[in-house]
Amino acid sequence: MSDVYAEAYRQARDWLDGLDTAPMGARLSAPELQSAFEGPLPRTGQPADKVIRFLAETARPGLMGNAGARFYGWVNGGAVPSSLGADWLVSAWDQNAALSTVSPVASAIEAVAGKWMKALLRLPEEASFAFTTGCQMAHMTALAAARHAVLADIGWDVETDGLMGAPPIRVFTSRNRHGSVERALRYLGLGTNALHPVATDEMGRMRPEALEAEMIAYQGPAILALNAGDLNVGAFDNFADLIPIAKAHGAWVHVDGAFGLFAQTSKAKRHLTAGIEKADSWATDGHKWLNVPFDCGMAIINNPDAHKAAMTLNADYITATPNARDPIDWNLEWSRRARAIPVYAALMEMGAEGVEAMIDRTSAHCRALIEGIGALPGGEIIACSEINQGLVRFVRAGASEAENDAFTETVMQAVNASGEAFFTSTLWQGRRCMRVSVVSWRTGTDDVTRSLGAIKQVLAEKL
Ligand SMILES: *Cc1c(COP(=O)(O)O)cnc(C)c1O
C-alpha cells in the first residue's frame, strides 16, 4: 500500500510551513471551488494517497489563513503545536468519547482537562462541565440546565413533562448578546419571544438599575444572560453588580464568554470579569482564544444536579465504571470525538502562565494595530478594548459618513486582496467599521508591523 499517511503529513506540513508567505485570505470563492470538486459520485475507487493529494491540491487556493499570523477576521484562532499534534492523534486513535467503558482514555483525559480548565478560568472547583463542539452548543447545554433548574424551582419537571403547559421563562439579556444565545433558546423550545432586552449604556453593557427594576416588575422563572467580551468592542457586563441582583430574584445567571472569559486567566485583565465566578453557568470556546483546533467549546455549570438531570441518559447496554467520568451524562451527544485531548495538550504545553502570556500578548498586538492604524493618514480609531478586539474606520477629509462607510470597505478589501493580512467588517452604531481581532498564538510584533505596512500602502494608493 502506498503511504497515504505520509502524503497527508507532507501536505499538512507544507501548508503550515508556507503560512508566512501564503495569502491570509482565500483566493477562490465557494462556488468557484465547488466546480473543482464537482463531478458524479465515483462508481469505482482510487488509491488513498491519490485522494489525499487531490484534496490538498484542489483545496489550497480556497483555504483561509487563520492558522497563520496575520489573520484578524471574525474570532478565528489558530492552534498551538501540541494541540494540533494531539488532534492528529485523536483522529488516528478514533476513540468514541461517549462513555468510560467505550474509551477509558478519552474519559480519563476529559476528567482532568475539565478540572484544569476550571482552575485556569478561576471558576468553582465543584462545577460540572461538558466539552462541546463550540460555544453554540455550550449555550445549549448550559441553558438546558438553566431551564431544568428554574422550572424545578416552581415544581415543573421539564424533562418528563416538556414545555407544553409549562409556565413561561423570561430571559433577560442586552443588545450585545450573540446570535447563538438566541438560537439556543429556539432549540430549547423557549422561543425568541422569551428574550427580554434590558437597557444598556453606550457600549452595550447592561445597566444594573434597569435590571433591578425589570426583575422587581416580573416575578416568574427567569434566566439572566450576560456577556463577557462582545465581538465589536470587547465590552464586559458588570458582573459584580448584575449577578447579585438576579440571584436576589431567584434567576439563573448564564455568561457568554466565548473568548472574553479568558480575561480570567490574566492578572492584568481580570478586573474586567470581577464577580463572574458567582454566575451559575459559563459558555466558552477552546477553538478561539485558547488556540486549539476547531470543534471545541465548553460549558461549565455550577449546579451538577441540574446539568446531569438535563443531559443524562440510560440504556440497557450502558455499564458504568465506578468513579469514572461518563461524558454522555453531561453532553448533548452520544458518540463523539475526544475533543478534550487537544485541550489537555495545549494546557500542558503552555501552562497557566503561557496562556496568560498569550492573552496579554494578543491583546497588546491588537492595541498596537489599532493605534498604528489610527496614526496613518485616513485611519480613525472607533474603539480599542482592553482585550483583543477593536474597531477602526478609513475616512477621507470632507467625505460623508456613507462615503466613508464605502471607503472603509474598499480599503479593507484591498488589504485582504494583497494577501498580507485579512480583516472583516461590521456595522457598529450605524457606521461601517473594520474589526481588528487578534486571536492567534502566532501573531508577533513583526506581523503587526507587516500588517500596518500593507494598510499604509493601500491608503497611499486609495486616499
Ligand atoms: C463565536 C461566538 C459564539 C459562538 O461560538 P461557536 O464556537 O462558534 O459556536 C458565541 N458567542 C460569542 C461572543 C462568540 O464570539
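How near do the axes of helix α12 (residues 340–374) and helix α14 (residues 445–462) come to each other, and at roughly what angle do they cross?

Mentor: Before the answer, please keep in mind that this is a predicted model, in which local features need pLDDT of at least 70 and side-chain atom pairs count only at pLDDT 80 or more, while totals for chains, interfaces and linings use all residues. Residues are numbered from 1 along each chain as its sequence is written, and side-chain values use heavy atoms, with hydrogens and water left out.

The axes of α12 and α14 come within 10 Å and cross at roughly 25°. Helices here are DSSP runs of H or I with at least four residues, numbered from the N terminus, as strands are from E runs of at least two; axes are lines fitted to C-alpha atoms, for helices over the stretch in contact, and angles run from 0 to 180 degrees between N-to-C directions. That angle makes α12 roughly parallel to α14, since angles under 35 degrees count as roughly parallel, over 145 as roughly antiparallel, 65 to 115 as roughly perpendicular and the rest as oblique. The crossing is right-handed, a term used if the near helix is turned clockwise from the far one by less than a right angle, with left-handed used if anticlockwise.

On the α12 side, His-365, Ala-368, Leu-369, Gly-372 and Ile-373 meet Thr-445, Val-448, Ser-451, Leu-452 and Ile-455 of α14, where contact means heavy atoms within 4.5 Å. By class, this contact has 6 nonpolar, 4 polar and no charged residues; Ala, Val, Leu, Ile, Met, Phe, Trp, Tyr, Cys and Pro count as nonpolar, Asp, Glu, Lys and Arg as charged, and the others, Gly among them, as polar.

Helix α12 also packs against helix α5 (residues 104–120). Their axes come within 9 Å and cross at roughly 30°, and α5 and α12 are therefore roughly parallel to each other, although this crossing is left-handed. Residues of α5 including Ile-109, Glu-110, Trp-116 and Met-117 meet residues of α12, among them Ala-340, Val-343, Leu-347 and Val-355. The residues of this contact divide into 14 nonpolar, no polar and 1 charged.

Glu-110 deserves a look of its own: Glu-110 is buried, with a relative accessible area of 1%, where buried means under 20% relative accessible area, exposed over 50% and partly exposed in between (1.4 Å probe, protein chains only). Leaving out residues up to four places away in sequence, Glu-110 touches Phe-129, Phe-131, Arg-325, Pro-327, Asn-331, Arg-336 and Ala-340.

From here the picture widens to the cores, a nonpolar core being a set of buried Ala, Val, Leu, Ile, Met, Phe, Trp, Tyr and Cys residues joined through side-chain atoms within 4.5 Å. The largest has 84 residues, and those with the most contacts inside it include Met-117, Leu-290 and Val-343. Helix α6 (residues 135–152) gives the most to this core, with 11 residues. Leu-290 is in contact with Met-117, Phe-262, Val-343, Leu-347, Met-350, Val-355 and Met-358, leaving aside neighbours within four places in sequence. A second, separate core of 23 residues includes Ile-373, Met-412, Met-434 and Ile-455, and Ile-373 and Ile-455 are also among the residues through which α12 and α14 meet.
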